[in-house]
Each structure stands twice: as C-alpha cells, then as structure tokens.
Amino acid sequence: MIALISDLHANMAAIDAVFADIDSVGGVDRIYCLGDVIGYGPQPVEALDVTIDRCSLILMGNHEAAVVGGAYGFREQARRAIDWTRAAIREGVAKPRAKRLWDLLRNLPHKHHFGDVLLVHGSPRDPIMEYVLESDLWEGADPRKMPEIFSMIDRLCFVGHTHRPGVFTEDNVFLPARELTDGYDVSDGLKYLINVGSVGQPRDNDPRACYCLFTGDAVYFRRVEYDIEATASLVRDNPDLGARLADRLGKGQ
Ligand code: ZN
C-alpha cells in the first residue's frame, strides 16, 4: 500500500500526526509527497527534514518553485510567507545543511510515473501551477480543460495543490472525500484524477489533516486530528506569517 501526502505547508503538528497515522495503519511500504512541503507554515526546515527522511519521493510544488525561483504571481500574504521561508532555509540553519536543503529544493522532480499512475502537484498539463477544481466542471468553465487533462492520464493521476480532497471522474463528476468514507474503487479501468488533500492547511471546511492511501484497487481518504493551536500560535507570533494564516487553520479554509 502507498500513502500519498501533499501540501504539508511547514505545519509540524499536522505532519507528525499524519506520519503517526500512517505508521498505525500498517502495511504502507512507500510514502510519496506531491509537493508544497513548505510555505505558509512556521517550521519549514523541520518539515523538509522529516519529509526527506520518510518519503520515497518529493515532487516540486508551487511553493518550492517560488522559494527557489522567486514568488512571482503570489498575493502579498503568500509572498511574504515565501520570502520568510527562503530566509529561514538559507540563513536560519548552518551552511552545510542550508546548502543541502537548497540543492534538494532546486532539483525536485516535477512529475513521477509508476505503471499507469501519474503523480504531479497541480495537473498533468502544468505539473506545478495549474489548479483542477470542482468549478472546472461547472457551466461556463473552459470545456477543453478536463478532456485535455484526462487525455494526458493513462489511468490514474494523483494531485494536490487545491487542498480540496476528492475524486474527479472522466465523465465530469467530482466526489468530495467527505462522501467517500468507505473509500473509492478505482479498479474498473476508467480514468480518475484523485486529489489527496492537504496535510497542513486543509481547505474543504474540515480542519483535520488529510492524506490518501492507495492499495492499487482503491483509494481511502484519511482525516487526522492534530493540535491545531500548537501550529496556529507559532504562525500568529510570526510577523511574516500572521493572524489570517493562523485563523484559517482552525476553520479548514
Ligand atoms: Zn499548497
């Protein structure tokens, strides 16, 4: 069984709780991380260290790309958090460790294939930046977007990035994770795009940390309670992160 995690966002209380949950499930032989280990949260170096230690793969997320390449196109609050994160990594730790982390961040892969399964942070068309949202299925949305995305998927594609877990079917249905409490069978040969949700900053109105287990035949969304206030107070006390980012952790928004 494989565990897929994404969007940890430097939230150590959530990250520790998710790794503990993975260990308690048993039978997980690989953990894949779909990016955004850092950004928004108060503990980027710790988050990178434990994720490097526990995961067989870390993909490039838009926050890693912004830390190494510049925070272009981000809103003010996110940009400040990214600039703070860059400084915390480059100047906040001893030189050899900072260089090791920086080299790793610069060289993260953008996508990964195993069998007929594709892993990306955003979407198959644009692995780092593109969002695939429920609203892409609504009337008025670009009618070419979802067919083009599905044409690039052999069978399954796991993504993160939106922080909203669930399953997109090829016939334009989105099944939110909260409706899939018994898991979801993906063994019928049809194509699925599966959003694994966010460990460190869920945005589906459920503040619990989220990740996904994949057996080869089915996916299971796990929600894990963690000490939200432990992270929120660190965020609040950091002038470059601030109260708004702290408050959204408690709301799951
Ligand atoms: Zn993210």
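1. A polar contact here is a pair of N or O atoms within 3.5 Å; within protein, one must be able to donate a hydrogen and the other to accept it, and residues adjacent in sequence count only if both atoms are side-chain atoms. With that in hand, the side chain of H9 makes such a polar contact with the side chain of H163, at 3.2 Å.

2. A word on the ground rules. This is a predicted model, in which local features need pLDDT of at least 70 and side-chain atom pairs count only at pLDDT 80 or more, while totals for chains, interfaces and linings use all residues. Residues are numbered from 1 along each chain as its sequence is written, and side-chain values use heavy atoms, with hydrogens and water left out.

3. Back to H9, which sits in the loop between β1 (2-5) and α1 (12-25). Helices (H or I, at least four residues) and strands (E, at least two) are DSSP runs, numbered from the N terminus. H9 counts as buried because its relative accessibility is 1%; buried means under 20% relative accessible area, exposed over 50%, and partly exposed in between (1.4 Å probe, protein chains only). Leaving aside neighbours within four places in sequence, H9 is in contact (heavy atoms within 4.5 Å) with D36, V37, I38, G39, Y40, G41, H63, H163 and Q201.

4. Now the sheet that holds β1. Six strands form an open sheet with mixed pairing, in the order β3-β2-β1-β11-β12-β9. Its edge strands, β3 (57-58) and β9 (184-185), each pair on one side only. Two strands pair if DSSP finds at least two bridges between them. β1 and β2 (residues 30-33) run parallel and are joined by four bridges: I2 has R30 as its bridge partner in β2, and L4 has Y32.

5. What covers β1? Both of its faces are covered, with I2 and L4 buried on one side and A3 and I5 buried on the other. Helix α1 lies across β1, β2, β11 (209-214) and β12 (218-224), running at about 30° to β11. Axes are lines fitted to C-alpha atoms, for helices over the stretch in contact, and angles run from 0 to 180 degrees between N-to-C directions.

6. There is another open sheet to look at, with six strands in the order β4-β5-β6-β10-β7-β8 and mixed pairing. The edge strands here are β4 (111-114) and β8 (174-176), each pairing on one side only. On average, neighbouring strands of this sheet are turned by 15° against each other, direction ignored. Within it, β7 (residues 166-169) and β10 (residues 192-195) run antiparallel, joined by four bridges; T169 has Y192 of β10 as its bridge partner.

7. How do α7 and α8 run relative to each other? The axes of α7 (residues 228-236) and α8 (residues 243-251) come within 8 Å and cross at roughly 170°, so the two helices are roughly antiparallel. Angles under 35 degrees count as roughly parallel, over 145 as roughly antiparallel, 65 to 115 as roughly perpendicular and the rest as oblique. The contact involves I228, T231, A232, V235 and R236 of α7, and A243, L245, A246, D247, L249 and G250 of α8.

8. Finally, the cysteines. A search of the whole structure finds zero disulfides, a disulfide being a pair of cysteine sulfur atoms within 2.5 Å. The sulfur of C33 has its closest cysteine sulfur in C55, 5.1 Å away and too far for a bond. C157 is in no disulfide either, as the nearest cysteine sulfur, that of C212, is 12 Å away. C33 is buried at 0% relative accessible area, and C157 counts as buried at 0% relative accessibility.
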